[in-house]
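I opened my notebook to record what I looked up in this structure. My entries follow in the order I made them.

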Amino acid sequence: MTTPGVDDAVREKRTVTDRRLHPVTPLRRAWAPVAVLIGWAVHDPDQAQRQLTRLTTTTILIALAVLIPAAALYGFLTWWFTHFAVTDGELRIRTGLVFRRTAHIRLERIQAIDITQPLLARVAGVAKLKLDVIGTDKKDELAFLGQDEARALRAELLARAAGFAPETAHEVGEAPSQELLRVPPGVLALSLVLTGATWGTLAAAVVVPTILWLMTESVWTVLATAVPLFGAAGASSVGRFVAEYDWTVGESPDGLRLDHGLLDRAHETVPPGRVQTVRIVEPLLWRRRGWVRVELDVAGSSNSVLLPVAPREIAASVVARVLPGATVPPRAALSRPPRRAGRCVPVWWRGYGLAVTDAVFAARTGLLRRSLALVPHAKVQSVRLAQGPWERLWGVADVHLDTGANKTVTARLRDAQEAAELLEAQVERSRTGRRDARPDRWMA
């Protein structure tokens, strides 16, 4: 006579089959030993140059004859000893050539699965799966799988996470998606040109090295300063254009789909019910055109951008899909702090604003670059009132809301009496919001 637990374990052992990654994966992992040598050379270039000058042509050829097969063997072995399997309740990933590691990922704790395709992966017809799991900071990944296999596995895992039976999960398939918005490349390029941070970084990259050259006349000092500054300028303009090219937002039963990228293509999903904060950012030079940028704070996820640029009205409609039942408060509905707040923060106090609706707590900051943060009441983890000695003197206080994404939204320089009432009221709104909130389930 056997117990049910033993029967389940035996049945699972019989039916679960370990699977390997795509055969192209060893080519990617074979670069690891080569990367170590390159890292050493970059870290100590003088020592690397001295060592290279001592080597003869014969020695270099022998080293290459040893290094290339060793790298290929390393890539093959790491691929051979990497397995994954989907059981009734978890995804198991076993990795490690010398030190073995087994990750047990509970399917009900999966909140997002993204598909990314670097340029070479797109050429090879493979893709990488990245999994966002509640309670973990680092994403587990499966790199690489065939494109069709990656999409099928993603659909199966999401179906399992939604509660479908293992026997039928693989038949559910990928949820259909309806396109809501596509950002034209011309609009994206113009928005980057009109971003003050891009011009500020580029101006610093030109002015600072010039001043250093006039002061020191040292080429190395100028290069050490100019290269990082020009790199930052490129990352804030060209890098963003490449990453956010052809940004497409689609709606599906498992959340909002985000597809973007010129060279590296990414297919991400905004998990339903996991969005903690939505920020509507409005740079100064965008206001005449009515453009905004929408950013996200998602618990346990690296997804941080919902819309790189869009008209305010369209952005508001997309936000309403991310935060069901919430609307973006108009500018007229945002109340400013009392005028005496200017004694604490001159001029910039005019950029602060606050509005509280039945669904969200909305706080605005910034004068030149406005940012309106929307926090659903159900996502507020704690509420704090802070009042320094100078603020106490002028009868104002700050109200801080902490969210599940380890972020804080602050209503700055409110009247002290208003802040105290706001604190008490927000505690009750958060309690009621959590009680009435929809479950954080896929396809719910």
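A residue counts as exposed when its relative accessible area is over 50%, and as buried under 20%. I used that cut-off for my first entry. I also noted that the model is predicted.

**Entry 1: a valine in a loop.** I looked up Val 347. It sits in the loop between helix H12 (312-322) and S14. Is Val 347 buried or exposed? Its relative accessibility is 52%, so Val 347 counts as exposed. I then checked its backbone. Phi of Val 347 is near 65°, a positive value in a residue that is not glycine.

**Entry 2: other backbone angles.** I wrote down a rule to compare against. Most residues other than glycine have a negative phi, and most peptide bonds are trans. Asp 246 also has a positive phi, near 55°. I found Asp 246 in the loop between H11 and strand S8 (248-252). Next I looked at a peptide bond. Ala 143 and Phe 144 are joined by a cis peptide bond, with omega about 10°. Phe 144 belongs to strand S6 (residues 140-146).

**Entry 3: the sheet.** I traced an open sheet of six strands. I read the order as S13-S12-S11-S16-S15-S14, and the pairing is antiparallel. Which strands stand at the edges? They are S13 (305-311) and S14 (353-356). Each has a single partner strand, so one side of each is left without a neighbour in the sheet. From one strand to the next, the twist averages 15°.

I then picked one pair. S11 (residues 275-282) and S16 (residues 370-376) pair in the antiparallel sense over five bridges. Arg 279 has Ala 373 in S16 as its bridge partner.

**Entry 4: helices on the sheet.** Helix H9 (residues 185-193) lies across S12 (291-298) and S13, and runs at about 95° to S13. Helix H14 (residues 416-436) packs on the sheet too, where it touches S14 and S15 (360-365). The direction of H14 makes about 40° with that of S14.

**Entry 5: two helices together.** I noted how such a pair is described: by the angle between the axes and the distance between them. The axes of H9 and H11 (residues 219-244) come within 10 Å and cross at roughly 155°. An angle over 145 degrees counts as roughly antiparallel, so H9 is roughly antiparallel to H11. The crossing is right-handed.

Which residues of H9 meet H11? I listed Pro 185, Leu 188, Ala 189 and Leu 192. From H11 come Ser 236, Ser 237, Arg 240, Phe 241 and Glu 244. The residues of this contact divide into five nonpolar, two polar and two charged.

Notes:
Residues are numbered from 1 along each chain as its sequence is written. This is a predicted model: local features need pLDDT of at least 70, side-chain atom pairs count only at pLDDT 80 or more; totals for chains, interfaces and linings use all residues. Side-chain values use heavy atoms; hydrogens and water are left out. Two strands pair if DSSP finds at least two bridges between them. Helices (H or I, at least four residues) and strands (E, at least two) are DSSP runs, numbered from the N terminus. Axes are lines fitted to C-alpha atoms, for helices over the stretch in contact, and angles run from 0 to 180 degrees between N-to-C directions. Contact means heavy atoms within 4.5 Å. Angles under 35 degrees count as roughly parallel, over 145 as roughly antiparallel, 65 to 115 as roughly perpendicular and the rest as oblique. A crossing is left-handed if the near helix is turned anticlockwise from the far one by less than a right angle, and right-handed if clockwise. Ala, Val, Leu, Ile, Met, Phe, Trp, Tyr, Cys and Pro count as nonpolar, Asp, Glu, Lys and Arg as charged, and the others, Gly among them, as polar. Buried means under 20% relative accessible area, exposed over 50%, partly exposed in between (1.4 Å probe, protein chains only).
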